[in-house]
Amino acid sequence: MTLPLFVAIDTPDLDGAASLADAVRSHVGGLKLGLEFFAANGPEGVRRLAQGGLPVFLDLKLHDIPNTVGKAVAALAPLAPAVLTVHATGGRAMLEAAKAAAPPNCKVVAVTVLTSLDEADLAEAGVASTPAEQVARLARLTRSAGCDGIVCSGSEVAAAREAWPDGYFVVPGLRPAGSDVGDQKRVLTPAEALDRGASLLVVGRPITAAPDPVEAARAIASSLRQAPALTASA
Ligand SMILES: O=c1ccn([C@@H]2O[C@H](COP(=O)(O)O)[C@@H](O)[C@H]2O)c(=O)[nH]1
């Protein structure tokens, strides 16, 4: 069974990223490469990690005018990402441009409210809503713009799934019970997020910064195999 678990390889070190990806490959379903990796290694780095055969999620969180985002997505298309992120707050025309330029097999998902933010952070940025309200609002916009789904926290995914039954829901901000939360504010365990309706789980530091990343990935994978969402469909 392919697990809906992608490891976030957040490092500028290409060789280190490649060895880590190789080491955890039997416990994850794919690799998530983000700004830190891409800024240091660019498309060549992505190609190198893709050689391992795992699907690649390009988490570049594009956010610009529609013309620029559409052209950036078109430039990324040869890398054949399985998933690509944009920011939902870029607006309808930008979301439409991203989806129109993406390859047919690539899911375009829009970041709603970063999992590192809480209600006070939103207020400071001029958003007078709870994270749940803002996620719901941006999910409606993303859906109506023709994108595939959203990025949200595990706390909002059940409501998102109910409102958008065939949406694709990417959930980061995941922490096994008792592990360090770091800069994340809206966190859940991987198994809880899966049971609440997540389509794809993103886990970074609980694996990559663990004393034994392979054992950490194995333990998370095992918790997912025992989660009702997977045992029910097995
Ligand atoms: O709202 C968001 C959107 C993206 N991320 C990304 O997920 C990983 C999480 O890493 P951890 O080490 O497990 O905290 C990271 O690459 C973020 O850029 C997110 O955390 N929240």
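Before I start, one convention: Ala, Val, Leu, Ile, Met, Phe, Trp, Tyr, Cys and Pro are counted here as nonpolar, Asp, Glu, Lys and Arg as charged, and the others, Gly among them, as polar. With that in hand, the shell around the ligand can be described by class as eight nonpolar, six polar and three charged residues. Please keep in mind throughout that what we are looking at is a predicted model.

Let me stay with the ligand for a moment. There are 17 residues around the ligand, and those that come nearest are Ala-8, Thr-115, Pro-172, Gly-204 and Arg-205. If we ask which elements give two or more residues to that shell, they are the strand β8, residues 200–203, and the helix α9, residues 205–208.

Now to the protein as a whole. Its secondary structure comes to 11 helices and eight strands. The radius of gyration is 17 Å, and the globule rule gives 17 Å for 234 residues, so the protein is as compact as a globular protein of that length. Along the principal axes, the C-alpha trace spans about 40 × 35 × 35 Å. Of the 234 residues, 44% count as buried, and, looking at contacts with a separation of 6 or more, 66% are made by residues 24 or more positions apart.

Although α2 has 16 residues, its end C-alpha atoms are only 16 Å apart, whereas a straight helix at 1.5 Å a residue would reach 22 Å. Where does α2 bend? The bend, of about 105°, is at Asn-41, and a proline, Pro-43, follows within four residues. The buried residues of this helix are Phe-37, Val-46 and Leu-49, and what covers them includes the helix α1 (14–24) together with the strands β2 (30–34) and β3 (56–62).

Is Pro-4 buried or exposed? A residue counts as buried if 20 or more other C-beta atoms lie within 10 Å of its own, and Pro-4 is buried because 21 other C-beta atoms lie within 10 Å. Leaving aside residues up to four places away in sequence, Pro-4 touches Gly-29, Leu-194, Ser-199, Leu-200 and Leu-201. As for Asp-148, that residue is 144 residues from Pro-4 in sequence, and the two are 16 Å apart in space, C-alpha to C-alpha.

Key. Residues are numbered from 1 along each chain as its sequence is written. This is a predicted model: local features need pLDDT of at least 70, side-chain atom pairs count only at pLDDT 80 or more; totals for chains, interfaces and linings use all residues. The radius of gyration is taken over C-alpha atoms; the globule rule is 2.2 Å times the number of residues to the power 0.38. A residue is buried if 20 or more other C-beta atoms lie within 10 Å of its own, exposed if 12 or fewer, and partly exposed in between; C-beta atoms are placed from the backbone. Two residues are in contact if their C-beta atoms, placed from the backbone, lie within 7 Å. The expected span of a helix is 1.5 Å times one less than its number of residues. The bend at a residue is the angle between axes fitted to the seven residues ending there and the seven starting there. A residue is near a molecule or strand if its C-beta atom, placed from the backbone, lies within 6 Å of it.
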